[in-house]
Amino acid sequence: MIAAVALIIGVVAGLLLHPTVPTWLEPYLPIAVVAALDAVFGGVRARLDGVFDAKVFVVSFISNVLVAALIVYLGDKLGVGSQLSTAVVVVLGIRIFGNAAAIRRHLFRA
Amino acid sequence: MTAPTDPPEHVEKNFSTKLLVDLVLDPREPGYEEAAKRRGGRPANHWFDKPLLTVGCLLAGFLLAVAYAHTHRSAPETAKVHSALVDRVRSAETRTDELARTEQHLTDEVNTIRNSALAGSGKLQQQLRTEQLQSGQTPVSGPGLRVTLTEPSTPNPSSGNGRAPETPTSAGNILSDRDVRSVVNQLWSDGAQAVAVNGIRLTPTSAIRFAGEAVLVDLQPITSPYVIEAIGDANQLDTGFAASAVASRYQTLKSAKGIGFTFGEESTLRFPATSTPATLRYATPGGTP
């Protein structure tokens with residue numbers, strides 16, 4: 001409940017504040033978004049599994065975003081930035097799908 | 001709860017394979033399991049749970065919203081720049097038209113004043129009028145010949161491979177500045193006294209050339225159909241043009257490539273004065289060879 005409210009408040013704040021994304025941060029935005037989605041779905045699934053832990057949620061969220069950004073940063077420096085961001089998106093995308101499937105099994109028993 | 005199927009035993013040996021299988025079959029964050037094990041199965045219950053959860057969800061929501069706003073703001077940004085440029089081009093065009101009209105108006109005024117000033121000296125006025133006519137400074141009308149060249153309506157089969165050609169105008173560009181020029185030259189040699197191409201009056205300094213995909217007459221782009229009109233003895237123009245090599249060439253092109261090619265006498269043609277009067281900087285009168 002708190003989580004949903006906080007999520008909505010975060011969305012509203014982001015829409016209202018219109019923060020300008022610095023240019024150097026722009027390439028990492030899509031990666032951060034996918035990592036955030038992964039953390040949210042993982043958290044919901046853990047909650048349904050009954051093993052949710054706020055600390056794990058926050059730490060995994062932040063570390064996911066940071067590690068994904070770091071991989072892309074390194075890739076950019078080494079000339080394989082777009083390939084590595086594709087890799088990150090694929091891996092996190094698979095996880096999102098798997099978590100969404102688990103959530104679906106929980107909710108609909110199907 | 002329906003737990004995801006456990007990975008088969010044998011893959012345990014190969015760590016990287018297990019990683020992939022885990023990734024696909026059981027994408028749960030292992031941290032949750034471990035934390036639950038450490039707590040011994042009891043649900044987590046710390047004082048910092050709720051604030052942490054709130055902060056994490058706030059961050060996640062904020063991030064998603066920022067990404068959304070960022071993506072949707074940068075698109076209108078380019079559109080804004082584009083429409084601003086279009087506006088500037090449009091206003092520049094309007095201004096050009098306005099200036100051209102003003103210029104035409106002023107030229108008329110100058111002509112009227114000059115005519116009234118020279119009213120007494122008949123010969124001088126006559127000479128001036130002839131020269132103005134020849135240099136395209138005054139509108140002119142009279143009988144003559146009209147030649148029309150049209151691009152074939154169907155595009156070249158070579159560019160019709162299902163994709164739209166990169167520049168639509170280039171599809172089947174058979175006619176170019178050379179064609180317009182050769183018709184104009186033929187008309188001059190048949191005794192034309194004034195020539196206009198698509199309503200643009202030719203002057204002694206006019207150039208017909210090709211730039212990109214458009215034919216330029218005195219720097220003004222024109223497109224198909226190319227209408228070349230000449231004022232002169234209509235009969236002489238007609239017979240001379242019909243018998244010329246230029247006409248037979250376009251008759252051939254008409255049957256072979258499907259271009260449009262017609263010509264015929266006109267009882268009254270009207271040409272405007274040139275919109276780009278020549279400013280002769282180097283050519284000065286005098287100096288008999």
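These questions and answers go through a predicted model.

Reader: How many helices and strands does chain A have?
Author: The elements of chain A run α-α-α-α from the N terminus on. That comes to zero strands and four helices.

Reader: What percentage of the residues of chain A count as buried?
Author: Chain A has 110 residues. Its accessible surface comes to about 6,100 Å², with 75% of that belonging to carbon and sulfur atoms. Residues of chain A that count as buried make up 43%.

Reader: In chain A, what share of contacts between residues at least 6 apart in sequence join residues at least 24 apart?
Author: Take the contacts in chain A between residues at least 6 apart in sequence. Those that join residues at least 24 apart come to 74%.

Reader: Turning to chain B, which are the edge strands of the open sheet?
Author: The open sheet has five strands, with antiparallel pairing. Their order is β3-β2-β7-β1-β8 in chain B. An edge strand pairs on one side only, and in chain B these are β3 (200-201) and β8.

Reader: How many bridges join strand β1 of chain B to strand β7 of chain B?
Author: Strand β1 covers residues 140-150 of chain B, and strand β7 covers residues 226-231. The two run antiparallel. B:L149 stands opposite B:Y226 of β7(B). The bridges that join β1 to β7 in chain B number six.

Reader: Which strands of chain B does helix α6 touch?
Author: Helix α6 takes in residues 234-242 of chain B and packs on the sheet. Its direction makes about 165 degrees with that of β8(B). The strands of chain B that α6 touches are β1, β7 and β8.

Reader: At what angle to β7(B) does helix α5 run?
Author: Helix α5 spans residues 177-189 of chain B. It lies across β1, β2 (194-197) and β7 of chain B. Its angle to β7(B) is about 15 degrees.

Reader: How far apart are the axes of α5(B) and α7(B)?
Author: These helices pack at an angle of about 145 degrees. From α5(B), the contact uses B:D179, B:S182, B:V183 and B:Q186; from α7(B), it uses B:V246, B:R249 and B:Y250. The residues of this contact divide into three nonpolar, two polar and two charged. The axes of α5(B) and α7(B) are 9 Å apart.

Reader: Why does the pair of B:Y250 and B:F261 tie together parts of chain B, and how many residues apart are they?
Author: The aromatic pair is tilted, at 5.8 Å centre to centre and 45 degrees between the planes. B:Y250 lies in helix α7 (residues 245-257) of chain B, whereas B:F261 lies in strand β8 (residues 260-271) of chain B. The pair therefore ties together parts whose separation in sequence is 11 residues.

Reader: Is B:F263 buried, exposed or partly exposed?
Author: B:F261 is buried, with a relative accessible area of 2%. Its ring pairs with that of B:F263, with centres 5.7 Å apart and planes at 45 degrees, so this pair is tilted. B:F241, B:Y250, B:F261 and B:F263 form one aromatic cluster. At 27% relative accessibility, B:F263 is partly exposed.

Reader: Is B:E229 buried or exposed?
Author: B:E229 sits in strand β7 of chain B. Leaving aside neighbours within four places in sequence, its contacts include B:L145, B:R146, B:V195 and B:F271. The relative accessible area of B:E229 is 10%, and buried means under 20%, so B:E229 is buried.

Technical notes:
Residues numbered from 1 in each chain as written. Chains lettered and ligands numbered in written order. Predicted model: local features only at pLDDT ≥ 70, side-chain atom pairs only at ≥ 80, totals over all residues. Heavy atoms only, no water. Phe/Tyr/Trp six-rings, centres within 6.5 Å; stacked < 30°, edge-to-face > 60°. Buried < 20%, exposed > 50% of the residue type's maximum accessible area, 1.4 Å probe, protein only. Contact = heavy atoms within 4.5 Å. Areas by Shrake-Rupley, 256 points an atom, 1.4 Å probe, with all protein chains shown as cover. Pairing = 2+ DSSP bridges. Axes fitted to C-alpha atoms, helices over the stretch in contact; angles between N-to-C directions. Nonpolar A, V, L, I, M, F, W, Y, C, P; charged D, E, K, R; others polar.
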